[in-house]
Amino acid sequence: MSENTEPRSAAAPDPDQLPASQATDVEPEPLEDDADFVTSLDTAGGAHQPSAVPVSTQSGALPGAPEEESLLRKIFTGNGIVTILAVLLALILGGLLIAMTDKVVGTTAGYLFARPSDFLIAVWSAATDSYVALFQGAVFNPRGNGVAGQFAPLMETLTIATPLITAGLGVALAFRAGLFNIGAQGQIIMAGILASWVGFALHLPLGIHLLLVLVAGVIGGAVWGGIVGVLKARTGAHEVIVTIMFNYIALYFLRYLLDTDLFQRPGADTPISPIVDPSAAYPLIFGSQYRLHLGFLLAIAATVFVSWLLNRSTLGFEFRAVGANPKAALTAGINVSRATILVMTIAGGLAGLAGVAQVAGTEKVLTDGVAATYGFDAITVALLGRSSPWGTFAAGLLFGAFRAGAVQMQIQTGTPIDIVLVVQSLIVLFIAAPPLVRAIFGLNPRKKKAATAGKTKQAATTGGAA
Amino acid sequence: MSTTATSPVEGKPQPEKNHRPTVSAKPVTWKLPVTLAVLATIAFIFFGLLGPQANAKFGVSSSGDFFQLPAIEVPAFLSGMVLSLILLVLAGYALVLKARANRRPPRWVPAVFTVVFVVAFLIWVVGGARTPSISLAGLIAGSVTLAVPIVFGSLSGVLCERAGVVNIAIEGQLLGGAFTAALVASLTHNPYLGLLAAAVAGALVSVVLAVFSIKYVVNQIIVGVVLNVLVSGLTGFLFTTVMQSDPEKYNSPAELPIIDIPVLSSIPVIGPILFKQSVVGYLMYVAVIVIWVALFKTKWGLRVRAVGEHPQAADTLGIKVNATRFWNVTLGGAVAGIGGSFFTLVAIDSFTKEISGGRGFIALAAMILGRWNPIGAFFAALLFGFADNLQSIVTIIGTPVPSQFMAMLPYVVTVFAVAGLVGRSRPPAADGIPYIKG
């Protein structure tokens, strides 16, 4: 992990094999040897002009030939192709899994050698039927009631994508600063608690009420994330452990609150809060026939904001510098502690936005399932989006489509929703290991030790992963 | 994973004894004494001054015991006062040591403090309950039962992280083990084959972790997180499609019998927890001891720890760093898989979705609290099992503490531990850093 202090030279991985978060714009570790360290110190001591990022990129490649090669590499084996292939591969494996457990496939397998075509057709139809149902449930349903009904699935996709996008942005932003924010789940819960309380306990005029709900939710998430940042910056506590623990603390806190008079709906036996006031709910974008609400527009705005923050602001530059190399960032005069706290606060706030989308938009009540699994899905969304804001947005839409479509798929073909988890996690695994994907599809233009060696192990790996 | 502040000491190999505070280590801080003082004050106010007036009654014997011991009955208020005063003295001792001699308190201080605090807390909880009576024997036996999968999970974590691979996938390994154990034991009607299959399943999950993190140098935390989702999805999918299609055939595993060692199991309190367990329960004790001896008393263990602390140095000495890591991670997975089988072969008689219910993460916490040491992890897991069990008991006897806060306790304690407020947990130096020879 980036903040570890052991000599990193030998440990510095190939940028190609690194996960998105670290490999995107900045080459990872500097400090080839002491000499490099000295240069960075010297420049800092002299003018303090050279920033951390150039120093770190320096050691990666000498000017000239390597750069040219990397351009070539980008075209042939670039991230885009790997991403598409990874999604394809995951869908194929998911399809095989569906086919394996299909009843028709099972019976045709009985006379596989007598009529192999039956078996193959059964495999094909089992997998494609499920995926067609998934598509119809996620994007366009030709049997829908009029144009409105036909596009209803798409609206549902966007609705479900909303919390995925905002929480995913929170995770992605933290990734860029070198922090693993596993705590989106807890941040969504805390945001949901505060936002829903403001929503149903206070009765304020239209406009102000919703604004206050929004602010309360974002603050709830931001504080929950910010505490992690403070703990990390002040005591060095590892954020992965702290965020995992904070998820559970938030969940049990929520369960406690739903047991109290303050939050439990009067007269209800189940742990459920009162419905939020109409003045506290997000307005619906396309009228009452769809569930799509203002939260989606806010998700777009959040994406624009994060994009600006990361690429155009000083603060975002600091975040990225700290993510690339905290030591170099410190040397360059960046306050690493402050950056850590701030980035976790903002990340928490973004996840908080997802919590608001849940209680003020989609659900309108607080239950102990307010965060569903959005917080964990957000991690895969951010990874698939390679931690870039618009990539995360696209990944959120894709996974939102999976989620929305899976419901329809289960109804139509009986394929359980869990297949989505399988496909989702396979996509991320494959994306994280580009050499594996390239080896499987025979795309290895460069002689790479890891990749060629990977070829031999390929069968075993995929077997294990499937 | 480095759970401690980054120290400026570069490449300092510490392959010898574990966690002995070295002279050049971080300066002695006020954190521990101050934390102890705060906790002692809280204990004094709540358990002592505001303590319940009733008598807390603890049943010691269970019905099948060798000889019956009378139930212990203590006045809650008085014992709360006495115990919290002991806590104050301990905290004061730590404060004085820091102020006068700038020294850390001896290691027994936090340990004794924890035990006394837990006892005081227990008396306070029981004394304040509607029915201030509780079976101590049952409480402890239940804690051990609940702790079994956590212990196996944390041992898996210890094996992986001592070799320098972060294992967030414990949850997935437990779940995979639980599922496979149920499936195989149902199909073969043989729980021992189920146990074996669980180990294989856990190892398989681990192999994926090892291949991706060692061979493809994917970030270990990412692989771990994703593996948890993958196993959760796979088991959920197969549960719905396969197991629910014919539960009789696929999801009614033969149970592992409870092996009752005559005479010994009749000893009050410790008899049932040591000598009245399933095979998995006995395996737990064996695994803790074997892994501790193997890690700290054998050549193999020295090598593993060298790989986890300073891979370059280990490599220079001719140890195959990545091979060691690969096998350790695989072994860890097998251990966690066995732990997972406990859910379906001992505790509950069938598999359900998400049966491990986050215990893998508690195991991770236990490993950290136990300072990457099998025995430490064992006791930490027991503490968590205790909290888990107490949580269900307090809801029955009716206490002032909401059960949700009891459930929260392990996680809060872990946060305190990693933040260095209750002692310092130092992970292996090369934990989480891939090693590329070159």
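How many helices and how many strands make up the secondary structure of chain B? Counting helices (H or I, at least four residues) and strands (E, at least two) as DSSP runs numbered from the N terminus, the secondary structure of chain B comes to 16 helices and five strands. Before I go on, please keep in mind that this is a predicted model, in which local features need pLDDT of at least 70 and side-chain atom pairs count only at pLDDT 80 or more, while totals for chains, interfaces and linings use all residues. Residues are numbered from 1 along each chain as its sequence is written, chains are lettered from A and ligands numbered from 1 in the order in which they are written, and side-chain values use heavy atoms, with hydrogens and water left out.

Let me stay with chain B for a moment. Of its 438 residues, 58% count as buried, where buried means under 20% relative accessible area, exposed means over 50%, and partly exposed is in between (1.4 Å probe, protein chains only).

Now to the interior. A nonpolar core is a set of buried Ala, Val, Leu, Ile, Met, Phe, Trp, Tyr and Cys residues joined through side-chain atoms within 4.5 Å. The largest such core has 212 residues, and the members that touch the most others are Leu173(A), Ile427(A), Phe430(A), Val280(B) and Phe351(B). Helix H16 of chain A, residues 336-362, gives this core its largest share, 14 residues. Apart from it lies another core, of 34 residues, including Ala43(B) and Ile397(B).

Next, the aromatic rings. Rings of Phe, Tyr and Trp (its six-membered ring) pair if their centres lie within 6.5 Å, and planes under 30 degrees apart count as stacked, over 60 as edge-to-face and the rest as tilted. Over all chains, the whole structure has 25 aromatic pairs. One of them is the stacked pair of Tyr248(A) and Tyr411(B), with 4.5 Å centre to centre and 5° between the planes. Because Tyr248(A) lies in helix H12 of chain A and Tyr411(B) in helix H16 of chain B, this pair joins two chains, and both tyrosines are buried. Phe47(B) and Trp124(B) form a tilted pair, at 5.2 Å centre to centre and 40° between the planes. Phe47(B) sits in helix H1 and Trp124(B) in helix H3 of chain B, so the pair ties together parts that are 77 residues apart in sequence. Ring pairs also link these two with Phe113(B), Phe117(B) and Phe121(B) into a cluster.

Finally, the charged side chains. A salt bridge is a side-chain nitrogen of Lys or Arg within 4 Å of a carboxyl oxygen of Asp or Glu, and the structure holds eight of them over all chains. What does Glu156(A) meet in a salt bridge? The partner is the side chain of Arg291(A), at 2.4 Å from N to O. Since Glu156(A) lies in helix H9 and Arg291(A) in the loop between H12 and helix H13 of chain A, the pair ties together parts that are 135 residues apart in sequence. Glu156(A) is partly exposed at 21% relative accessible area, and Arg291(A) is partly exposed at 38%.

A further salt bridge joins the side chains of Lys353(B) and Asp418(A), at 2.9 Å from N to O. This pair crosses between chains, from the loop between H13 and helix H14 of chain B to helix H19 of chain A. Lys353(B) counts as partly exposed at 40% relative accessibility, whereas Asp418(A) is buried, with a relative accessible area of 11%.
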